[in-house]
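User: I would like to go through this structure by asking what stands behind each label. Please set every value against its definition.

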Amino acid sequence: MALQIKEKNGFHYVDEGSGEVLLLLHGLFGALSNWQDVVAEFSAQYRVVIPLLPIYDMPLTKAGVPGLVGFVEDFLAEVKLPEPCTVLGNSLGGHIALVYTLRNAGRVNRLVLTGSSGLFEDSMGGSFPKRGNYAYVQERVGYTFYDPAIATQELVDEVFSVTNSNAKCLRIISIARSAQRHNLAKELQHIRVPTLLVWGLNDTITPPVVAHEFNRLIRGSELRFLDHCGHAPMMERPTAFNQLLHQFLARTAVPVAG
């Protein structure tokens, strides 16, 4: 299914289905389509909402984790979603989800993190994008997945066009450095909502040791690994990811008063 993108007062987003809200947050090189299989699976039972994060065009002074959390808060105020909601984040989106939850505890009832930054990440294999080097970009995008074939030419071309723009590159570097600076190790103890961690066993950007550390620091969190899977489980192992998500949502459902 092709995702239908809505627009309201400058915000671009997907809003599919009805019912309890699942808010999905993509990563630094991510896009709305990263969550396509989640939307297809869950929009029959839930209202699935994905804002397009302004990673490449936000004001440079705000290009960082706090600025992106502020954007999510502004987006939610604009579309007036019923609260509280379940927040899912991949990579940088997980980092934003964590900070949003810490700042808005009453507005989140569950948290799902997959390949999240916030403790440690190797976002570009130890270096930042090299302009005009297609082979380098192809290698870095492939590095995201266990199976490099998932890094389609379309995906590589998209990232290549981003890294070829000075303005976009500056924002990527600013956000990536902000993510590394904003280490959440001392704050994760304050997360009180049911939390599911789904990690690729072959994730080289936020390796399994990072998942174990999140599991240790977020009390009561559940950790599930998927084998033959890299940094984006919902793209690389969508069926297994969706099954774990279904089980978690069912286990942690809040009974409806009646």
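**Labels and their grounds**

Analyst: Val48 in E4 is the bridge partner of Leu22. The model is a predicted one, in which local features need pLDDT of at least 70 and side-chain atom pairs pLDDT 80 or more, while totals for chains, interfaces and linings use all residues. Residues are numbered from 1 along each chain as its sequence is written, and side-chain values use heavy atoms, without hydrogens and water.

User: What makes E3 and E4 a pair, and in which sense do they run?

Analyst: Two strands pair if DSSP finds at least two bridges between them. E3 and E4 (residues 47-51) share three bridges in the parallel sense, so they meet that rule. Strands themselves are DSSP runs of E with at least two residues, and helices are runs of H or I with at least four, numbered from the N terminus.

User: Which other strand pairs with E3, and over how many bridges?

Analyst: E3 also pairs with E5 (residues 85-90), in the parallel sense over four bridges. Opposite Gly89 in E5 stands Leu25.

User: Why is E3 called largely enclosed?

Analyst: Buried means under 20% relative accessible area, exposed over 50%, and partly exposed in between (1.4 Å probe, protein chains only). Five of the five residues of E3 (residues 21-25) are buried, so the rest of the structure largely encloses the strand. Val21, Leu23 and Leu25 point one way, Leu22 and Leu24 the other way, and all are buried. E4 is mostly covered as well, with five of its five residues buried: Arg47, Val49 and Pro51 point one way, and Val48 and Ile50 the other way.

User: What handedness does the β-α-β unit of E3, H1 and E4 have?

Analyst: The unit of E3, H1 (residues 36-42) and E4 is right-handed. The term applies if, with the strands pointing away from the viewer, the path from the first strand over the helix to the second runs clockwise.

User: What is the strand order of the open sheet, and why do E1 and E8 count as its edges?

Analyst: The eight strands follow the order E1-E2-E4-E3-E5-E6-E7-E8, with mixed pairing. E1 (5-8) and E8 (222-226) each have a single partner strand, so one side of each is left without a neighbour in the sheet. The twist from one strand to the next averages 25°; angles run from 0 to 180 degrees between N-to-C directions of axes fitted to C-alpha atoms, for helices over the stretch in contact.

User: In which sense do E1 and E2 pair, and how do E2 and E4 run?

Analyst: E1 and E2 (residues 11-16) are antiparallel over four bridges, with Lys8 opposite Phe11. E2 and E4 also run antiparallel, joined by four bridges, and Asp15 stands opposite Val49.

User: How many disulfides does the rule give, and why does Cys85 carry its burial label?

Analyst: A disulfide is a pair of cysteine sulfur atoms within 2.5 Å, and by this rule the count is zero. Cys85 has 4% relative accessibility and therefore counts as buried; Cys229, at 0%, is buried too.

User: How do you know that the radius of gyration agrees with a compact globule?

Analyst: The rule, 2.2 Å times the number of residues to the power 0.38, is compared with a radius taken over C-alpha atoms. For 258 residues a compact globule would have a radius near 18 Å, and the chain has 17 Å, which agrees. Of these 258 residues, 53% count as buried.
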